[in-house]
Amino acid sequence: MNLEQIRDDIDALDGQLVALLERRMALVSQVAAYKKQTGKAVLDSKREEELLAKVASLVSQPDFKDTVLATYSAILQESRAYQVRKLAEEQ
């Protein structure tokens, strides 16, 4: 496989990742609405710890574990920031 083919494969995966992230963010919007209705805090440290542990257990390539966890941590951070913005918009 040459570099161009590898990059084409990455581009195809990126398209799938974007679609999945959009689906995830739609659910995060629902979480923000629920938290607003119930007065729950945006940050749920226990939930995030559980999610990161679950993600770590799903990584099959040990060399990728730290990178996958860092990426997922960034997703959680951005999801929290989005929730904060959504809650601020609705006030």
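**Entry 1: helix 1 against helix 3**

I began with the residues that join helix 1 and helix 3, taking contact as heavy atoms within 4.5 Å. On the helix 1 side I listed L21, R24, M25, V28, S29, V31, A32, K35 and K36. They meet Y72, I75, L76, S79, Y82, Q83, K86 and L87 in helix 3. The model is predicted, so I noted that local features need pLDDT of at least 70 and side-chain atom pairs pLDDT 80 or more, while totals for chains, interfaces and linings use all residues. Residues are numbered from 1 along each chain as its sequence is written, and side-chain values use heavy atoms, with hydrogens and water left out.

I took helices as DSSP runs of H or I with at least four residues, and strands as E runs of at least two, numbered from the N terminus. For the geometry, axes are lines fitted to C-alpha atoms, for helices over the stretch in contact, and angles run from 0 to 180 degrees between N-to-C directions. The axes of helix 1 and helix 3 are 9 Å apart, and the packing angle is about 45°. The two helices are therefore oblique to each other. My angle classes were roughly parallel under 35 degrees, roughly antiparallel over 145, roughly perpendicular from 65 to 115, and oblique for the rest. I logged the crossing of helix 1 past helix 3 as right-handed; that label means the near helix is turned clockwise from the far one, and left-handed means anticlockwise, by less than a right angle.

**Entry 2: helix 1 alone**

I then looked up helix 1, residues 3–38. It has 36 residues and reaches 51 Å from first C-alpha to last, close to the 52 Å expected at 1.5 Å a residue. The expected span is 1.5 Å times one less than the number of residues.

Which residues of helix 1 are buried? I found V28, A32 and K35, with buried set at under 20% relative accessible area, exposed at over 50%, and partly exposed in between (1.4 Å probe, protein chains only). These buried residues pack against helix 3, residues 65–89. An α-helix has 3.6 residues a turn, so residues three or four places apart point the same way.

I checked both ends of helix 1. Just after helix 1, G39 has a positive phi of about 75°.

M1 is in the segment before helix 1 and is exposed at 73% relative accessible area. Not counting residues up to four places away in sequence, M1 touches I6 and D9. I6 belongs to helix 1 and is partly exposed at 36%. I also took two C-alpha separations: M1 to A81 is 40 Å, and I6 to D44 is 38 Å.

**Entry 3: the loop residue V42**

V42 sits in the loop between helix 1 and helix 2. Its relative accessibility is 17%, and it counts as buried. What does V42 touch, residues up to four places away in sequence not counted? I listed K35, R80, Q83, V84 and L87. V42 and V31 are eleven residues apart in sequence, with 8.9 Å between their C-alpha atoms.

**Entry 4: helix 2 against helix 3**

From helix 2, the residues involved are E48, L51, L52, V55 and A56. They meet K65, V68, L69, Y72, S73, L76 and R80 in helix 3.

E48 is buried, at 16% relative accessible area. Beyond its neighbours within four places in sequence, E48 is in contact with L43, L76 and R80. K54, also in helix 2, counts as exposed at 53%. Its C-alpha is 23 Å from that of K35, 19 residues away along the chain.

**Entry 5: helix 3**

Last, I looked up helix 3 itself. Its 25 residues reach 36 Å from first C-alpha to last, close to the 36 Å expected at 1.5 Å a residue. I noted L69, Y72, L76, S79, Q83 and L87 as its buried residues. What covers them? The cover includes helix 1 and helix 2.
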